[in-house]
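Me: I would like to go through this model by question and answer. Please keep it brisk.

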Amino acid sequence: MAKPSRHKRGPLASVGLHATLLVAAVIAVFPPLWLLVTSFKPKNDAFTTGLVSNFTFANYRHVVADTQFLTWFGNSVLVVGVTTVLGVFVAATTGYAVSRFRFPGMRPLMWLLLITQMFPVAVLIVPLYNLMASLGLLNQPAGLVITYLTIAVPFCAWMMKGFFDTIPVEIDEAGRVDGLNPFGTFWRLVLPLARPGLAVTGFYTFVTAWAEVAYASAFMTGEENLTLAGGLQTFVNQYLNDWGSMTAAAVIIAVPAALVFAFAQRHLVAGLTAGTTKG
Amino acid sequence: MSRARRKQAASAGAPGRVRKALATHWYAWTMVAPVVLVIGVIIGYPLVRGLYLSLTDANEANVERNIGMNHIPATYKFTGLDNYTAILGDGVFWGRLGWTVVWTVACVGLTFAIGLTLANLLNRKLRGRTFYRLALILPWAIPAFVSVFTWRLLYNEKNGLLNKLLAGGGIDAVPWLNDPTWAKLSVITVNVWLGVPFMLVALLGGLQSIPGELYEAAEMDGANAWQRFRNITLPGLRGVSSTVILLSTIWTFNMFPVIYLLTRGGPGDATEILVTYAYRLSFVDSPRDFAGSAAWGVLILLLLSMIAVVYRRSLRKQGEVW
């Protein structure tokens with residue numbers, strides 16, 4: 001039998017290839033799809049195996065109108081929005097400094113940024129909880145924002161450094177010649193050029209903060225202070241099994257994240273691997 | 001200049017040097033200041049404090065707190081390494097560590113194997129390539145906690161879809177999350193499902209950077225598909241694989257949401273990994289054991305640093321630079 005070459009595949013190999021990929025694709029897509037399907041079923045049909053027979057928006061209406069979902073959504077948007085804006089800005093200035101200047105303390109800083117990525121939640125969460133408590137930041141969006149910054153910024157600073165490294169230094173020099181100080185150069189010349197990098201770090205910060213569970217569950221208590229991660233847990237717990245509301249809420253939570261992700265996914269990986277291998 | 005005079009000049013120049021350093025570097029320092037500040041306060045302080053707490057007997061009942069108008073000062077004592085000896089002398093830690101290692105190795109191994117296979121299948125001319133690619137990375141686009149709840153819906157023992165399908169095939173219901181062994185398989189399945197897209201995309205990127213001429217030359221020399229894979233693909237992917245394996249090892253070791261939201265560490269503590277156990281000590285169990293939790297955290301950090309160091313060293317031996 002002739003070896004199938006890379007360009008001409010035998011029909012059997014072709015079938016095998018497509019069959020494998022199809023099975024994998026179905027496994028990947030099925031759970032989210034099933035979530036979507038279930039969310040349109042009446043509450044009591046949540047566990048029927050069929051596709052939707054009585055299509056209804058009742059779950060969505062219930063979640064939006066009768067629960068605190070919108071409050072949680074608002075809390076999440078506030079926390080994640082502020083985190084993203086601050087995080088991107090801070091990561092950009094840091095990344096720029098590390099990319100352009102050779103200053104005392106630079107190497108330790110780079111190490112610090114790398115090492116903080118390894119920190120398990122478990123080491124920090126108790127002292128951080130006590131710190132937040134003593135500062136009166138428990139149940140405050142500000143407390144979560146500060147916490148999320150420490151998760152997102154080290155990684156984003158690495159990514160931004162990678163992006164700034166690709167922008168020619170001549171641009172900075174030209175700015176300097178025209179009488180701009182380093183802040184001016186950064187703000188007016190380099191930052192606009194680094195827009196794709198800013199977008200990627202923004203996406204990354206958004207996705208990370210939107211999906212964070214541990215800190216959100218520990219720091220935010222009381223129905224009206226929860227973020228989405230905590231709120232979703234209230235629908236299905238040891239006392240309550242409201243799968244209808246859970247699925248509808250989950251779909252509403254997943255959609256913005258999926259949209260943001262769809263824009264960013266190509267660049268995410270490039271940034272991800274660049275951030276960890278360079279330097 | 002004599003040595004004495006040079007010394008004199010240097011000491012006279014010390015304040016000037018600081019001023020000069022400030023003058024040349026203050027831009028850079030201002031730009032990194034916010035990050036240093038935030039990391040210092042939010043990571044540095046808690047870390048030091050966590051280390052300290054792990055050497056005390058702090059718990060819910062004896063830490064500083066306010067009840068109504070009354071401020072109650074802390075009464076916990078320094079106990080040295082007592083927490084550590086207690087933890088290391090107890091079977092619970094070693095049991096959790098064993099399962100955490102199994103969990104990490106199984107998850108990373110499976111995720112990598114599946115990711116590599118799928119990346120290889122996708123890295124060729126193929127009808128519907130974009131469709132497959134998009135479908136396969138979909139799990140990545142959805143926040144992990146949403147996916148985990150979806151899996152709970154599927155795993156539901158009485159009514160979940162998986163068991164209904166099995167019933168349709170005449171197979172008894174499987175206690176997905178209520179039997180220790182099944183629960184372990186279930187959490188691993190979910191984590192692999194969550195992790196494959198990242199592996200797939202990263203490895204696909206790596207595959208695409210391997211020059212096609214290498215394959216053509218190998219083919220001319222009569223290398224078969226397996227030989228090409230072993231001698232071109234695997235070495236070509238080494239850089240990317242080492243990064244993603246290290247990253248996903250650290251992520252999986254610390255994977256909080258999957259375990260916490262899927263099983264809460266149960267049944268019993270069958271699926272409890274180190275991180276969720278430390279969290280349970282200080283936020284779930286009562287009275288909250290702050291000192292114990294901090295000590296667990298410090299041990300976890302030590303383990304992770306060891307993994308990173310050993311891993312880097314083994315990479316260096318293979319000639320990897322970073």
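This is a predicted model: local features need pLDDT of at least 70, side-chain atom pairs count only at pLDDT 80 or more; totals for chains, interfaces and linings use all residues.

Me: Which pattern does chain A follow along the sequence?
Reply: Start with the element count. Chain A has zero strands and twelve helices. Read along the sequence, the pattern is α-α-α-α-α-α-α-α-α-α-α-α.

Me: What percentage of the residues of chain A count as buried?
Reply: The cut-off is under 20% relative accessible area. Chain A exposes about 12400 Å², with 68% of that from carbon and sulfur atoms. Of its 279 residues, the share that counts as buried is 52%.

Me: What area do chain B and chain A bury between them?
Reply: Interface size is often given as the accessible area lost when the parts come together. Here 88 residues of chain B and 86 residues of chain A take part in the contact. Carbon and sulfur atoms make up 81% of the buried area, and the total is about 8000 Å².

Me: Which residues of chain B lose the most area to chain A?
Reply: Three residues together give 10% of what the chain B side buries. They are B:Met31, B:Phe145 and B:Leu153.

Me: How many residue pairs are in polar contact across the interface of chain B and chain A?
Reply: Salt bridges between chain B and chain A number zero. Polar contacts are counted with both residues at pLDDT 80 or more, and the residue pairs found number five.

Me: Which helix gives the largest share of the side of chain B that touches chain A?
Reply: By class, that side has 62 nonpolar, 14 polar and twelve charged residues. The largest share is 22 residues, and it comes from residues 3–53 of chain B, helix H1.

Conventions: Residues are numbered from 1 along each chain as its sequence is written. Chains are lettered from A and ligands numbered from 1 in the order in which they are written. Side-chain values use heavy atoms; hydrogens and water are left out. Contact means heavy atoms within 4.5 Å. Buried area is the accessible area (1.4 Å probe) that two parts lose on being put together, summed over both. A salt bridge is a side-chain nitrogen of Lys or Arg within 4 Å of a carboxyl oxygen of Asp or Glu. A polar contact is a pair of N or O atoms within 3.5 Å; within protein, one must be able to donate a hydrogen and the other to accept it, and residues adjacent in sequence count only if both atoms are side-chain atoms. Helices (H or I, at least four residues) and strands (E, at least two) are DSSP runs, numbered from the N terminus. Ala, Val, Leu, Ile, Met, Phe, Trp, Tyr, Cys and Pro count as nonpolar, Asp, Glu, Lys and Arg as charged, and the others, Gly among them, as polar. Buried means under 20% relative accessible area, exposed over 50%, partly exposed in between (1.4 Å probe, protein chains only). Accessible areas come from the Shrake-Rupley method with a 1.4 Å probe; for residues, only the protein chains shown count as cover.
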